[in-house]
Amino acid sequence: VRLWSAESQRLLATLSPIHTDTANDITFSPFNRMLLASVGGGKHICLHDIMQRRLITQVACPVSLHSVVLLKDGTTLIGGGSDGNLYVYNLKNCKKPEYILGAHNHPVTMLAMQKSESRRSPRKPVGKRR
């Protein structure tokens, strides 16, 4: 994983070569500006300290992840799996996913989070009632 300056177009840092396969996605923490998460084909999540340019921890995953996002709460990481599932981790104890959510029939290649509203939307629910 390499960090580049968009302003000067210069290489700022090269983080340890942790991924045995390609690095599919990275995300910066909105809570901690020193934390970066990366995922790749090697079935693990890497958490990096970008200020000290070191690996904090490596978390084994049941499948390779194609996408990753860190939530604003500072403790939740969600990975989009090659199997179409979402893997939700709590960074306080990230030995295994806290939840596995069925999402798609194909790999989840992109994740984004939306700021939640403080009140409920008056819109009708989409989809069928069961």
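Strands here are DSSP runs of E of at least two residues, and helices are runs of H or I of at least four residues, both numbered from the N terminus. His48 is found in one such run, strand β5 (residues 44–49). The model is a predicted one: local features need pLDDT of at least 70, side-chain atom pairs count only at pLDDT 80 or more, and totals for chains, interfaces and linings use all residues. Residues are numbered from 1 along each chain as its sequence is written, and side-chain values use heavy atoms, with hydrogens and water left out.

**Overall make-up**

The protein has 0 helices and 10 strands. Buried means under 20% relative accessible area, exposed over 50% and partly exposed in between, with a 1.4 Å probe and protein chains only. Of the 130 residues, 36% count as buried. The accessible surface is about 9500 Å², and carbon and sulfur atoms make up 50% of that surface; areas come from the Shrake-Rupley method with a 1.4 Å probe, and for residues only the protein chains shown count as cover. A contact means heavy atoms within 4.5 Å. Among contacts with a separation of 6 or more, 34% are between residues 24 or more positions apart.

Two strands pair if DSSP finds at least two bridges between them. Ala23 has Gly40 of β4 as its bridge partner. On the other hand, β4 and β5 also pair in the antiparallel sense, over 5 bridges, and Val39 is bridged to Ile45 in β5. The hairpin of β4 and β5 has 3 residues between the strands, and Lys43 there takes a positive phi near 60°.

In strand β4 (residues 35–40), 6 of the 6 residues are buried. Leu35, Ala37 and Val39 point one way, while Leu36, Ser38 and Gly40 point the other way. In a regular strand the side chains alternate between the two faces of the sheet.

**Buried residues**

| Residue | Relative accessible area |
|---|---|
| Cys46 | 0% |
| His48 | 1% |
| Ala13 | 6% |
| Cys61 | 10% |

The side chains of His48 and Ser38 are joined by a polar contact of 2.9 Å. A polar contact is a pair of N or O atoms within 3.5 Å; within protein, one must be able to donate a hydrogen and the other to accept it, and residues adjacent in sequence count only if both atoms are side-chain atoms. Leaving aside neighbours within four places in sequence, the contacts of His48 include Leu15, Met34, Arg54 and Ile56.

Ala13 is found in strand β2 (residues 11–14). With neighbours within four places left aside, Ala13 is in contact with Val1, Arg2, Leu3 and Arg53. Ala13 and Met51 are 38 residues apart in sequence and 9.4 Å apart in space, C-alpha to C-alpha.

**Cysteines**

A disulfide is a pair of cysteine sulfur atoms within 2.5 Å. The count is 0 disulfides. Cys46 is in none, and the nearest cysteine sulfur, in Cys61, is 9.1 Å away. That distance of 9.1 Å is too far for a bond.

**The β7 to β10 sheet**

Strands β7-β8-β9-β10, in that order, form an open sheet of 4 strands with antiparallel pairing. β7 (65–70) and β10 (99–102) stand at the edges with a single partner strand each, so one side of each is left without a neighbour in the sheet. Strand β9 (residues 85–90) is joined to β10 by 4 bridges, and Tyr87 has Ile100 of β10 as its bridge partner.
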